[in-house]
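Hi there,

Here is the structure I promised to pass on. Have a look at it first, and then read on for my notes.

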Amino acid sequence: MSSPRSSRLTGFYRLGVLERRRRLRELAGLPAEGFAAVDPGALSLDVADGMIENVIGVYALPFAVAVNFVVDGIETLIPMAIEEPSVVAASSNAARMARPHGFVTTLTAPVMIGQIQITNVADVVAGASALRAAGPELLAEARRLVPRLADRGGGPVAIDVRTLTAAGPDGGVLVVHLHVDCRDAMGANLVNTLCEALADRTAAIAGGRAGLRILSNLTDGRTVTVRCSIDDALLASEDAAGPEVRKAIAAASRFAELDPYRAATHNKGIMNGVDAVLVATGQDWRAVEAGAHAFASLGGKYGPLAVWRERPTGDGLDGELVMPLAVGTVGGALHVHPGARLALELAGAHTADRLAALCGAAGLATNLAALRALATEGIQRGHMALHARGLARAAGATGDLVDRVAAELAATGDVKADRAREVFARLAGAPMLKETP
Ligand code: MEV
């Protein structure tokens, strides 16, 4: 799919599902059957049965696109699969604020770390130095094992040794790190295979016993940095002027920098966006979660993955997110999962780098939206407005009536299912639907 002419889709959320599909087809040149991959039942029981064990069904989540994103100058639709209301709306709203300058990303090379643990090393100093001396030979051997990856510009790029302890219940313990550029693969299988292949030789060189051989999910060699800058005029809310909101968001960022309890929630707001894209695109989101939180603690104290500062010129806010993001656009669930393939198409993410950039942009956007809401009216008002729309639909409202019922519920602050049925019945002049037991 080519990138859409514009991702600025005003009023997209007001359309029905079929109309949204029609707009996206028109905008992004998807074929008529393009959305079959995310129709209920698109992942067949047979395919699901081949993916994991003991399958008894297929578990569905809503699949949506966040709009308004411009990432590295490219208009982009961000696919999201998530159960939490407000994440798609909040990130689309934040992306609208970021549009004038866009999200700008930089990525390291996609280098993953494989660990070979070596225990019972009699002399860790001698063992480590023997391993360092053998490094070039081990690296060359590792490269020979993955010739096709090396042809594509990737492959093992470095080896290093760390001493964990000189003596203990497992004797002296060393760990060898094999750094592998995985190109467009997430790389878990690749790295694990290499570690297993090199383990015995490595242990023999160190004079110890091979222990665990597995990748590290702390992928601090594979990070994305995302920046955005928001003009004061766009930060303003109904009740607060732009400069006031800017100062409040910078203060919220400092709160997260000072307090791990707040940093955890701040980062949860980031992962709302990141995970939604990871799930939609069939990625190992547990791996990214593990890496993100380990990375957030690397300085010895858990901290925020994104920070916000007032622009030095005093007329806006600058945000920066840095986090590890190990994703792939080949391998994994992508071979078999039709929805994940469609999500990559919609996002125009044909490389792992681009996918990581989009995940990071989504994370910075959800963080901005959360901080702006928290720093002004609190998040409940927005949540309640969305919840009211959900209740209006469940009560039977369609089209304009959804907004009218939701507006009345939100205005009275009584956002409940029975009240939604009452309001809908009155506005539609229809008999009230009975609650199904
Ligand atoms: C809720 O899913 C996420 C927030 O708690 C994030 C935050 O507090 O920054 C709103």
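How many Å apart do the C-alpha centres of domain 2 and domain 3 lie? They are 59 Å apart. Please keep in mind that this is a predicted model.

As for where those domains run, the domain assignment places domain 2 at residues 111-216 and domain 3 at 381-428. Domain 1 comes in two segments, 12-108 and 222-377.

Now the chain as a whole. Its C-alpha atoms fill a box of roughly 85 × 55 × 45 Å along the principal axes, and the secondary structure consists of 15 helices and 10 strands. The chain has 437 residues, and 47% of them count as buried. Among contacts with a separation of 6 or more, 71% are between residues 24 or more positions apart.

One spot on the surface may interest you. Val47, Met51, Ile52 and Val336 make up a nonpolar patch there, and together these residues have about 300 Å² of accessible area. Ile52 sits in the loop that links helix 2 (45-51) to strand 1 (63-71). Is Ile52 buried or exposed? With a relative accessible area of 55%, Ile52 is exposed, because the cut-off for that class is over 50%.

That is what I have for now.

Best wishes

Technical notes: Residues numbered from 1 in each chain as written. Predicted model: local features only at pLDDT ≥ 70, side-chain atom pairs only at ≥ 80, totals over all residues. Heavy atoms only, no water. Domains from an automatic or database assignment. Patch = residues over 30% accessible without salt bridge, like charges linked within 9 Å, V, L, I, M, F, W, Y side chains within 5 Å. Areas by Shrake-Rupley, 256 points an atom, 1.4 Å probe, with all protein chains shown as cover. Salt bridge = Lys/Arg side-chain N within 4 Å of Asp/Glu carboxyl O. Helix = DSSP H or I, 4+ residues; strand = E, 2+ residues; numbered from the N terminus. Buried < 20%, exposed > 50% of the residue type's maximum accessible area, 1.4 Å probe, protein only. Contact = heavy atoms within 4.5 Å.
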